[in-house]
Structures are given as structure tokens and as C-alpha cells.
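Dear colleague,

Please find below the structure that I am handing over to you. My notes on its salt bridges follow.

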Amino acid sequence: MPRPLFPMVCRLALAVLAFGVIVAPAAGQVVRGRLVDSADNAAVGGAMISLLDRDDNQLSRVLTRDSGLFEVSTPIPGRYRLRADRIGYATTWSDYFDLTVGDTITVRMTSAVAAVSLAGIEAEADRRCRVRPEEGLAVTRVWDEARKALDAAAFTQERGYYRYEMMGIIRELGPEGRLVVSEDRDFERAYRQYPFISLPADTLIAEGFAKITPNESVYWAPDAGVLLSDPFLDTHCFRLKADGGEEGLIGLEFEPVPGRRIEEIRGTLWINSENSELRRLDYYYQNLDLPPGLQRANPGGTVEFEALPNGTWIVSSWRIRMPRGKVEVSPFDSRVMTVLEGITEQGGDVLRVHGNEGTVMEADMGGRIAGVVFDSLRTGLPGAVVFIEGTSIEATTDRQGRFEFNRLEPGVYSVNFTHRYFSRFSYLPEPWDVEVVDGAETPAQVNFAAPRVGRILDRLCDDVEPPGEAATMPGGRVLRSHAILVGQVTNDAGDPVSGATVRVLFREYDVSAFEGAASVDRRLRAGRAGTAVTTDALGYYRACWVPVDTSLRVAVLDPGEQINPDVLEVAYSPSEYVASREEEVMIPSQQRFATLNLRVESKQP
């Protein structure tokens, strides 16, 4: 059987959940204590304290406060010990202690002073991919540091320490993944317990990280909880990897164990080798049932982690990148095939994080584009609207004509501008393609020069074919069509009306001169000429190459009146000559340009 064709639409998903419930610790046995540095007895805040049983199963965990104080509890009496994890430092263990029913005990812990450095670890030292690598291996040292950050991120996610302001983003890119075709942003100003969370690990491991069907494609990304889970660790092996694209990073690469045929992910956790902080996860999908043409999009994504005060960690940014296909017929053998039309990228960014102490994190500005809009005298033009085509991103220039866009992803953007003084002409300059480079320290620059009105008029109708020959009116007068009529259509409230059809008639008629309906219809069909144009988003219209020294009858058509704007010779009934529906204007031959604004009545519901 021929393989099914895959649709153009991909639905991407990293589940974003709303408010959750914080569960209070169960009553039972309590362990209190304080973690101090062995060097100077100073309090150690932001360390993860875990309560472990004799089999080293984690029963409870908490982050130490700035004072180093902590408290953990368990509903079950028994023999336990504590583990203190501090990123960049060796793990500290307490002695075993017994908890009987109702006990509350105090344990003082002294943190190891020796820092853990991953610098100098050779990624090539052990290329074997290992499931749950044993102690003593270099890959274990790297995993232990990654685990500390992931554990803190999962803990922060569970407890809801902070409130977040976030931005969701969906971008449509060209097939090469550089040209930004469109971009939609959605700002979430309601606060959540945690910014982003994945599907449960059990579900992903059992059912896969993607679902590809002939009707829909859905993809999921992992969060900290998934990467730490037993189902994930049991089905993926780890090895070290060098060269993360940035100096000073060491990678912990993972892949599914042999024999996994379900939709899976492979990827790399990148860690700063100097301070052992987790930076990001780069991952890629595999075992996807996609046509070969779509596989070259290299579907995958990125999850970025960031440390916050008190030792907490969050997923600060995430992206999923998926192919967008279309069906074509091969010109060589007429075979129907799916080809790569472009790439869809969906994700989210944390813009601000709020705690009891106020704003504790504010995201950097990301990629930027900046510049100046000049007027014809090379002076900054205030009030110009600069925008990125295909997106809702725009900015208004200041008094010096300056503008700036921020929080842009790397890529090539088409930037354009408009201003109220030439909006009335329905004129738009040519856009400029600007590339935003990842990691650039300064904004990408683009400057615009606003054209003079005369130049606008000279180029205003370049996209409309002028009439070939001048028409001859009855009586021998030549109808010279080289003028331009512009204007704005508004309703009775003064709001612009977009998408309205404006009809311009070129000839005058005396309806009373006709006798009989048949004669009227015949004469009108034979003699009338005109054009129809449509208003833009701001309600402006532009009629090119209309006659000069001729009375023009201009009207806004009702929505039900269907007239093809490309057809000049069209008929209408004498009832349309009602004076209240039309405006008249004549453009002198020496002027060649006129403005006529029109107002329509709002339809009552």
C-alpha cells in the first residue's frame, strides 16, 4: 500500500498548566537542622536537603533558607539519613539516625568546602552509552551535577515558589529555517505556579514523545521531572560529549536504548564545566514516521534552565521545531509526494518571575533590531510605525525617529514602515531583510528614508497597468486617463472601514433622456465605464489611471453588490443613480491627483 501523505499542519505541544494545588507536608516525624560551610561555619542557603531511607530512596526534600535552616518530615518511623546537594560542590551526607513515632530531632550538617569542577574531563574518555552509570566514571560526575539542577527545577515546579509572566510564540519559517514568514506572540499576564510542564514520564515512555497521523502531528518536550524519572533513566543511556557550540561547556548525551521503536528523543544536556550549572537541553526526535522530504527539517527543540534566588531553578525557555509539508506532483514521473514547505516553531519564554521579595528575574532582551526613520531632510521622523511583515510586532518611532525591537529569535526578518502622511495614498515602501544573529551583543541595524510626496505620486500606481489608448467620448472629446484618486472610507462613528468596495464611474448620464427600461439597459451597458477598488486595513482606497477633466461618480457599494474590481465594463440599474449614494469629483488635467473621503452608515443589527 502507498504510504499516507502527511498534512501541512503540525500541532506542537509542551503542556502549559494553570494553577495547581500545594499539598502541605503530612504530619509525622520531623527532622530539623542547619547546613553550614565547613570552612567558616557560614550558613549555606539554596542547597537541596533530601531525606533518604536505608535503600537511599528519597522520601522528602526541601531547599535550605538563606539562614541554612531546613525542615523535612516523614509519616513513617525508621532509620534515615540526610543528603545535601549544592551545585558545584561535593555532596554532603549525614550519619544514619532513627526516627520513632512522633519524633522531632535536630541535625547539624557541615557542607564540604571542596568545589566540584568538570573542567578537564575528557568527553572521549568513555564513549560507551551507559544506562544508570556506576560510581567512579566521568559520566557519573557530570550527571550528578546535572541532576542537582534538574532536581531543584522539579522541586520548584512542584512547590510553586514563584509567579510568572510569560510569552508564547509561534513562528513560521521558510524551508531553510532562516527566513521568518510569520510570527505570533501571546503574552500571559496571569500568574501560574510554574511556567511549563511536560506530560507525565510514564505516558511519554509508554506512548512516545510524538504522535504522527495522516490528519495531525503532535509533539511533546521533556521537562526536569521527565529527565529525572525512573522510566526515562531505565530506557535511555548516557555518554559524554564535547563541543557545545560555546566554550566551557561539557555535554551529557543521551539516546534511547537499542530496540526502542516508539517515537523517541535523543539529545544533550549542556553544563558549564567551571561552575557545574546546567544551561540547556538540545534534543531531536527519532523514529518518526515522516516522509523523507520532511526529515531534513531535523525536528527537535531546546529547553533552557535558569537558576533563581534561594537555589531554585526553572525552565526559562522552550522551543519545539517541526516540519511543515505540502503535497506536490513530481514533474518527472507525476508521482504525488510530500515536500518541505517550511518549519513551524512553537515555544515559550519566561519574561519575569515574582516572589514575595518582588521581581526576582527579568529576561534579557534577546535578539534586537534597531534603527532610525528619516524624513526627506534627513531629520528623524517621529510617529512612524515600523513593523515586521507577517507578524504583529511593531514599534512607533520617538521624537528622534528611533525604534527598536527586542526578544527576537535568530533569523531573517522583513522590516517595513509607514507614516500617516503617506498612509492616505495606500502607499507602502519596499521592505528590508534584516538578519538577527544568535548571541549578537548589539542590535541589527536598519534605517529608512521616508520619500517625498512627489516621489510617492510618481510611483504610486507602478503596480497597476495603465490604459493603452485614450478613449474617445461621444462628440470627439478624448478621455485622458492619467489621474489618481485616493481617500478614506469611514463609518458614521469616524472609524475606518476596511475591505469596502469603492466604485468610480467615468461618464455622466442623464437618466431622464432614456425612454423605456429596455432602452435604458441597452444604452447603459453600451456606454458606461469605470473601475472598482477595495479599501485597505486603515480604510484607504486608491483608484489609478482615472480620467482628468471628467466628472467622476464615486460610491461605496453595499456588501451584497458583487462587482469584480478587474472588470471595467459592468452594468447596473438606474436606481443606483440615487444622489445620496454617490459623490462627484473632477480632477483637472494640470493636477493629476485628488482626495475624496467617503462616509457610510453603520448597519443596525
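**Salt bridges between strands**

R324 counts as buried, at 13% relative accessibility (buried means under 20% relative accessible area, exposed over 50%, partly exposed in between, with a 1.4 Å probe and protein chains only). The model is predicted, so local features need pLDDT of at least 70 and side-chain atom pairs count only at pLDDT 80 or more, while totals for chains, interfaces and linings use all residues. Residues are numbered from 1 along each chain as its sequence is written, and side-chain values use heavy atoms, leaving out hydrogens and water.

The side chain of R324 forms a salt bridge with that of E341 (3.8 Å, N to O); the term denotes a side-chain nitrogen of Lys or Arg within 4 Å of a carboxyl oxygen of Asp or Glu. This pair links strand β19 (residues 313-329), which holds R324, to strand β20 (residues 336-355), which holds E341, 17 residues apart. Strands are DSSP runs (E, at least two residues), numbered from the N terminus. E341 is partly exposed, at 28% relative accessibility.

A second salt bridge joins the side chains of R239 and E255 (3.4 Å, N to O). Because R239 lies in strand β14 (residues 236-241) and E255 in strand β15 (residues 249-256), the pair ties together parts 16 residues apart in sequence. R239 is buried at 14%, whereas E255 is partly exposed at 28%.

R79 and D98 also meet through their side chains in a salt bridge (3.0 Å, N to O). R79 is partly exposed at 33%, and D98 is partly exposed at 47%.

In total, the structure holds 29 salt bridges. R171, E183, R185 and E345 are linked in a network of them.

Yours sincerely

Key. Helix = DSSP H or I, 4+ residues; strand = E, 2+ residues; numbered from the N terminus.
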